[in-house]
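Hi,

Here is the structure I said I'd pass on.

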Amino acid sequence: MATSASSKLSKAVKQQYLDLPQGDEVQAMYIWIDGTGEGLRCKTRTLDSEPKTIEDLPEWNFDGSSTYQSEGSNSDMYLIPQAMFRDPFRKDPNKLVLCEVLKYNRKPAETNLRQMCNKVMDMVQNQYPWFGMEQEYTLLGTDGHPFGWPSNGFPGPQGPYYCGVGADKAYGRDIVEAHYRACLYAGVKICGTNAEVMPAQWEFQVGPCEGIKMGDHLWIARFLLHRVCEDFGIVASFDPKPIPGNWNGAGCHTNFSTKEMREEGGLKYIEESIERLAKRHQYHIRAYDPKGGLDNARRLTGHHETSNINEFSAGVANRGASIRIPRSVGQEMKGYFEDRRPSANCDPYAVTEALVRTCLLNEEGEEPVNYK
């Protein structure tokens with residue numbers, strides 16, 4: 001197994017330092033999305049006391065020329081705290097702080113999709129939009145080879161691995177268990193986890209979250225996964241198709257509902273939303289991965305439980321459709337629907353915003369409306 005050298009450092013030695021009292025001072029780790037739209041960065045500062053609200057956290061800055069976000073001649077960028085979580089690595093009273101990134105002129109950085117998403121969510125807050133996102137990922141060695149796979153070949157074909165149990169079926173469960181508990185400690189709304197169809201591939205689910213909280217909680221859950229994997233010397237990949245060929249890709253299926261959809265007769269509103277989505281397929285495909293659909297083109301082939309990227313489809317209990325209505329929803333005539341198109345490396349702010357624009361703000365056409 002190609003694990004990182006740092007994972008072999010003694011955690012017991014580190015722990016004796018982490019057990020030292022820290023007085024009244026608090027470590028706050030500021031976290032932000034870098035210029036790739038996928039990568040996460042972080043750095044820590046000391047606060048004089050434990051922050052109780054976002055307002056207690058100061059703005060900060062960083063060198064954007066080192067994160068693909070600015071040029072060296074004008075590189076300072078602002079970190080604006082937006083959401084705060086408990087730190088499961090340093091433990092209470094220390095904090096994780098999710099930040100928006102602003103450029104030198106205080107305008108959002110190109111990969112700061114949170115600000116517009118928040119504005120759109122505010123416009124529909126009386127409809128109580130709920131989201132749940134199913135984040136698939138693949139565990140890799142530092143050499144890029146899937147964790148647990150034979151070094152010079154492939155494991156047996158897919159079939160026994162989904163929700164599998166046993167050393168020959170479940171690869172890397174220690175990481176999954178550690179991540180789950182870290183999320184619970186941090187206050188992330190993680191609601192489940194399971195082994196996926198491809199060996200070394202797993203999924204965790206976050207939600208239900210209302211409005212902007214969906215993106216906040218999923219990004220922090222991703223950060224926690226990367227950080228847990230770092231301790232184990234393993235890499236978590238959100239690539240939508242990490243292994244070419246007859247292996248499942250990785251998506252981020254997104255479940256969506258409003259108050260009307262969840263109440264009696266809600267199926268009518270679900271079907272109306274699906275009709276709107278059918279007319280705006282390409283707009284959503286562009287919003288559902290960081291490369292405007294190019295990453296998803298490797299995954300959405302119509303095979304391996306996916307729909308074809310060029311065609312919109314919907315059906316009850318159909319895992320090969322763009323939109324799936326769960327069987328229980330079809331029977332109860334209310335509930336939610338699942339958009340199966342978002343890629344594993346999608347920006348949840350972009351995905352949830354696109355769903356609200358099309359389904360609730362009744363936008364049409366290939367471009368989003370510019371709201372002042």
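Below is what turned up, going from the overall layout down to single residues.

One thing to keep in mind throughout: this is a predicted model.

**Domains**

The protein chain splits into domain 1, residues 23-110, and domain 2, residues 121-361. Their centres, taken over C-alpha atoms, are 26 Å apart. As for how they touch, 18 residues of domain 1 are in contact with 22 residues of domain 2.

**Helix packing**

Start with α3 (residues 173-186) and α4 (residues 213-232). Their axes come within 9 Å and cross at roughly 135 degrees. The crossing is right-handed. On the α3 side the contact uses Asp-174, Ile-175, Ala-178, His-179, Ala-182, Cys-183 and Ala-186, while α4 brings Ala-221, Leu-224, Leu-225, Val-228, Cys-229 and Phe-232. Sorted by class, that gives 11 nonpolar residues, one polar and one charged.

Next, α4 against α10. These axes come within 8 Å and cross at roughly 155 degrees, so α4 and α10 are roughly antiparallel to each other. This crossing is right-handed too. The residues involved are Met-214, Gly-215, Asp-216, Leu-218, Trp-219 and Arg-222 from α4, plus Pro-348, Tyr-349 and Thr-352 from α10. They divide into five nonpolar, two polar and two charged.

Finally, α10 (residues 348-359) also packs with α6 (residues 267-278): the axes come within 9 Å and cross at roughly 105 degrees. The two helices are therefore roughly perpendicular to each other. Ser-273, Arg-276 and Leu-277 of α6 make the contact with Leu-355, Thr-358 and Cys-359 of α10. By class there are three nonpolar residues, two polar and one charged.

**Backbone details**

If you plan to look at the backbone torsions, here are a few spots to check.

Which peptide bonds are cis? One joins Asp-92 and Pro-93, with omega at about 10 degrees. Pro-93 sits in the loop between β4 (76-86) and β5 (95-102). Another runs from Gly-207 to Pro-208, where omega is near -5 degrees. Pro-208 belongs to strand β8, residues 201-210.

Then there is Tyr-128, which has a positive phi, near 50 degrees, despite being a residue other than glycine. You'll find Tyr-128 in the loop between α2 (114-123) and β6 (130-140).

Cheers

Technical notes. Residues are numbered from 1 along each chain as its sequence is written. This is a predicted model: local features need pLDDT of at least 70, side-chain atom pairs count only at pLDDT 80 or more; totals for chains, interfaces and linings use all residues. Side-chain values use heavy atoms; hydrogens and water are left out. Axes are lines fitted to C-alpha atoms, for helices over the stretch in contact, and angles run from 0 to 180 degrees between N-to-C directions. Helices (H or I, at least four residues) and strands (E, at least two) are DSSP runs, numbered from the N terminus. A crossing is left-handed if the near helix is turned anticlockwise from the far one by less than a right angle, and right-handed if clockwise. Contact means heavy atoms within 4.5 Å. Ala, Val, Leu, Ile, Met, Phe, Trp, Tyr, Cys and Pro count as nonpolar, Asp, Glu, Lys and Arg as charged, and the others, Gly among them, as polar. Domain bounds come from an automatic or database domain assignment. Angles under 35 degrees count as roughly parallel, over 145 as roughly antiparallel, 65 to 115 as roughly perpendicular and the rest as oblique.
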